[in-house]
Amino acid sequence: MNLQIPYGKTYGLLGPNGAGKTTTVRVLNAIISRTSGNASVGGYNLITQSDDIRRICGFLPESPGLYSKLSAREFLEFIGELYYLPKDVISTRIDELLEMFDLEGRENDLLESYSRGMKQKVCLCAALIQDPEIIFLDEPTSNLDPAAARMVKDLISELAKKADKTIFICTHFLDAAEELCDMIGIIIDGELKVEGTPKEIIESVGAKDLEEAYLKITGASHIDDLLAWRDENSNNYEYNNKKERKRKKKNKKSR
Ligand SMILES: Nc1ncnc2c1ncn2[C@@H]1O[C@H](COP(=O)(O)OP(=O)(O)OP(=O)(O)O)[C@@H](O)[C@H]1O
Ligand SMILES: [Mg+2]
């Protein structure tokens with residue numbers, strides 16, 4: 001894989017389950033070490049300057065670990081302190097984020113009492129608390145209700161436009177990817193197969209939208225073939241029914 005993401009752009013990495021999206025973002029955030037190759041993230045070398053990379057990047061993991069015996073506020077204070085932010089900055093940021101994510105009033109409840117979507121929101125707050133230059137979001141809208149998903153999409157586009165952040169998103173929500181991303185990469189089995197703007201990708205395969213293009217590119221558009229067994233079965237059903245009707249008729253006559 002060879003990626004070049006210009007500063008300030010929103011990049012969407014798409015691909016089937018198990019393609020390697022999460023592995024890619026975990027490597028780029030210096031959370032797991034690469035088997036081979038190298039990368040520069042925000043100008044820092046992945047091998048020799050991984051601490052700098054962690055400092056400038058915000059990361060929403062796919063399956064975030066939360067300390068369930070902490071409240072949301074305590075957890076976010078803890079994350080803020082890991083970034084060596086001053087206490088007053090942490091407190092102001094937490095208030096802003098809790099308001100933004102509609103978590104006010106619940107901030108002192110233990111995280112174990114939170115719903116899945118609420119936990120996802122707390123993780124998004126944690127990813128944004130140090131106002132990172134580069135934001136990696138692995139499935140940012142999963143588990144969120146439609147209103148919260150809309151809010152996160154608006155937030156992403158606002159961060160990209162106003163704050164000029166570089167945003168890297170892994171997602172299966174292709175309408176969101178089409179709406180938000182300047183560039184899209186599609187990876188299959190760890191290989192980057194296609195890269196371009198959403199428009200370029202859609203046009204390259206003559207599709208009507210990114211979803212259709214994605215299905216064509218990943219070879220998953222033969223859904224009719226996959227569901228052919230249903231027709232066969234329904235034919236069998238018809239056939240069996242006919243046979244049954246004939247048998248009943250015959251029985252009636254013989255009586
Ligand atoms: N550290 C590792 N060592 C070896 N294999 C790994 C490692 N991490 C992930 N894999 C494997 O690499 C493949 C890609 O996994 P990954 O989680 O990156 O997929 P993904 O594209 O994020 O999929 P999904 O859409 O389901 O989230 C999987 O088969 C996974 O088991
Ligand atoms: Mg993943």
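Guide: Start with ligand 1. Its shell holds Gly15, Asn17, Gly18, Ala19, Gly20, Lys21, Thr22, Thr23, Ile32 and Glu62. This is a predicted model; local features need pLDDT of at least 70, side-chain atom pairs count only at pLDDT 80 or more, and totals for chains, interfaces and linings use all residues. Residues are numbered from 1 along each chain as its sequence is written, while chains are lettered from A and ligands numbered from 1 in the order in which they are written.

Visitor: What makes a residue near a molecule?

Guide: Its C-beta atom, placed from the backbone, lies within 6 Å of the molecule.

Visitor: How many residues of the shell around ligand 1 are nonpolar, polar and charged?

Guide: The shell has 2 nonpolar, 6 polar and 2 charged residues. Ala, Val, Leu, Ile, Met, Phe, Trp, Tyr, Cys and Pro count as nonpolar; Asp, Glu, Lys and Arg count as charged; the others, Gly among them, count as polar.

Visitor: Why is helix 5 called largely enclosed?

Guide: Because 10 of its 13 residues are buried, helix 5 is largely enclosed by the rest of the structure. Buried means 20 or more other C-beta atoms within 10 Å of the residue's own; exposed means 12 or fewer, and partly exposed lies in between, with C-beta atoms placed from the backbone. Among the buried residues are Met118, Gln120 and Lys121. Helices are DSSP runs of H or I, at least four residues; strands are runs of E, at least two; both are numbered from the N terminus.

Visitor: What do the buried residues of helix 5 pack against?

Guide: Strand 4 (57-60), helix 3, helix 4, strand 5 (134-138) and helix 6 (146-161). Contact means C-beta atoms, placed from the backbone, within 7 Å. Ala127, for one, touches Gly58, Phe59, Leu60 and Ile135, not counting residues up to four places away in sequence.

Visitor: Which buried residues does helix 3 have, and why are they on the same side?

Guide: Ala72, Phe75, Leu76 and Gly80 are the buried residues of helix 3. They cover an arc of only 135 degrees, taken from the directions from the helix axis to the C-beta atoms, which puts them on the same side of helix 3. On the other side, Glu81 and Leu82 are exposed.

Notes:
Contact = placed C-beta atoms within 7 Å.
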